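Hi,

Here is the structure I promised to pass on.

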Amino acid sequence: MHKPQSSSDWIARSLRSVWHPCTQMQHHEEVPLIAVSHGKGPWLYDHEGRRYLDGISSWWVNLFGHANPRINAALKDQLDRLEHAMLAGFTHEPVIALSEKLAALTGYNLGHAFYASDGASAVEIAMKMSFHFWRNGGYSAKQEFVCLQGSYHGETIGALSVTDVPLFKDAYGPLLRAAHVVPAPDARNAQEGESAQDVARRAIGDVRSLFEQRGDRIAAIIVEPLVQCATGMAMYDPLYLELLRELCDQHHVHLIADEIAVGCGRTGTFFACEQAAIWPDFLCLSKGISGGYLPLSLVLSSDAVYQAFYSEDITRGFLHSHSYTGNPLACRAALATLDIFEQDDVLNRNRELATKLTIALAPLAEHERVRHFRQRGMIFAFDAVEPDAARASSFARRFFTAAVEHELLLRPIGRTVYLMPPYVLDEEEVAGLAARTQKVFDTVIAH
Ligand SMILES: *Cc1c(COP(=O)(O)O)cnc(C)c1O
């Protein structure tokens, strides 16, 4: 273990013993595997000292760079106090302070925090809570869920049942409980003369008909507010969320906002829902909440939800638990992350950063082989035009490989290239990220 090893040694050992996620392992016969030795700011380094600009925040989790000194210091301090204690019958300062901060961030509209470790578990919790809420109120027929076309909410069985990404879902179809899938308000679906708001209104029409027919059977609708990330950064107008909130109120259907990817400032506001001036009944957070340090997820819910479970009867209480619920180290990383938001006025600074990146990406936006350049907050995406079917299907892999050769970590989704960088890029990194992306795109598209 202590003998210095080259990247190729680590890679060979990894391929023998580690089963990598979201990967056909055989593809690693061609696609490079990068053995990371350390990270600093937006950069990851391998064992030979080659570096990679982390343009996708290591699967959307990192906010303030790798090995961030402030988060590191908080964790070192926490480590000497308390690494973990069970959260049933016990409580501790990090989980209390974090819950209070999150409640305050929602203006106390969602003042109760329930914890888990990964995003998919937060989705499971929101779904179970919604169903159980209705059952406690005598509406046990409300058992169905609604999701949007192209939705992604995680890959455990319950979360996968409200996910609409065929690649992830089809293989496990027989294990899943069918959900209702309604059209997405994706602004790219605009017909001639239609605005993004028109698309939103049209998509709401379908939800309305479904609620009118089956509202008494439906527990909740789950959405990724403003950007459906995993399906390829499909962006839509906030009006959709505003109208959806009204419909949910009219038909007594819960609104679950899965802000696992879009929360924590990613779309420009701390919560994406703020841009529609609404609050959901349940809000799921994970990914960026710990700054990308430790597995942490949570579901925020309203007082009305909480009160429906408050009783003498244990079976009316919420029945769910994970061993690492509210882990103090993870909560402390989250507190340090929220401190940085406050101390550095991050949301305002990100506005400038996003403008700079948009300007730097302008040549790509106008590229003749690019369609639908789009941006919201710190998410940037465009679709590559690749008429050749074989080349189109290998586009993402070829792009990833070429990006690595240009010191860049980018992983397109199909033909959608996106940037979701950490919030700590300096001027040079902004320019470098845009220039490298363009260079890689030209190489891959022209080859
Ligand atoms: C990543 C993601 C999840 C799942 O989170 P995991 O931690 O990977 O289980 C759920 N919903 C959305 C919107 C996500 O982006």
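Let's start with C22, which sits in the loop between α1 (7-17) and β1 (36-40). Helices (H or I, at least four residues) and strands (E, at least two) are DSSP runs, numbered from the N terminus. A quick word on the source: this is a predicted model, where local features need pLDDT of at least 70, side-chain atom pairs count only at pLDDT 80 or more, and totals for chains, interfaces and linings use all residues. Residues are numbered from 1 along each chain as its sequence is written, and side-chain values use heavy atoms, with hydrogens and water left out.

Back to C22: its phi is positive, about 50°, although it is not a glycine. C22 is partly exposed, with a relative accessible area of 45% (buried is under 20%, exposed over 50%, partly exposed in between; 1.4 Å probe, protein chains only).

H372 is not a glycine either, and has a positive phi of about 55°. You'll find H372 in strand β13 (residues 370-376), partly exposed at 42% relative accessible area.

β13 belongs to an open sheet of three strands, in the order β13-β14-β16, with antiparallel pairing (two strands pair if DSSP finds at least two bridges between them). The edge strands, β13 and β16 (416-419), each pair on one side only. Five bridges join β13 to β14 (residues 379-384), and Q375 stands opposite F380 in β14.

Finally, helix α16 covers residues 427-446. Its buried residues include L433, F441 and I445.

Cheers

Conventions. The expected span of a helix is 1.5 Å times one less than its number of residues.
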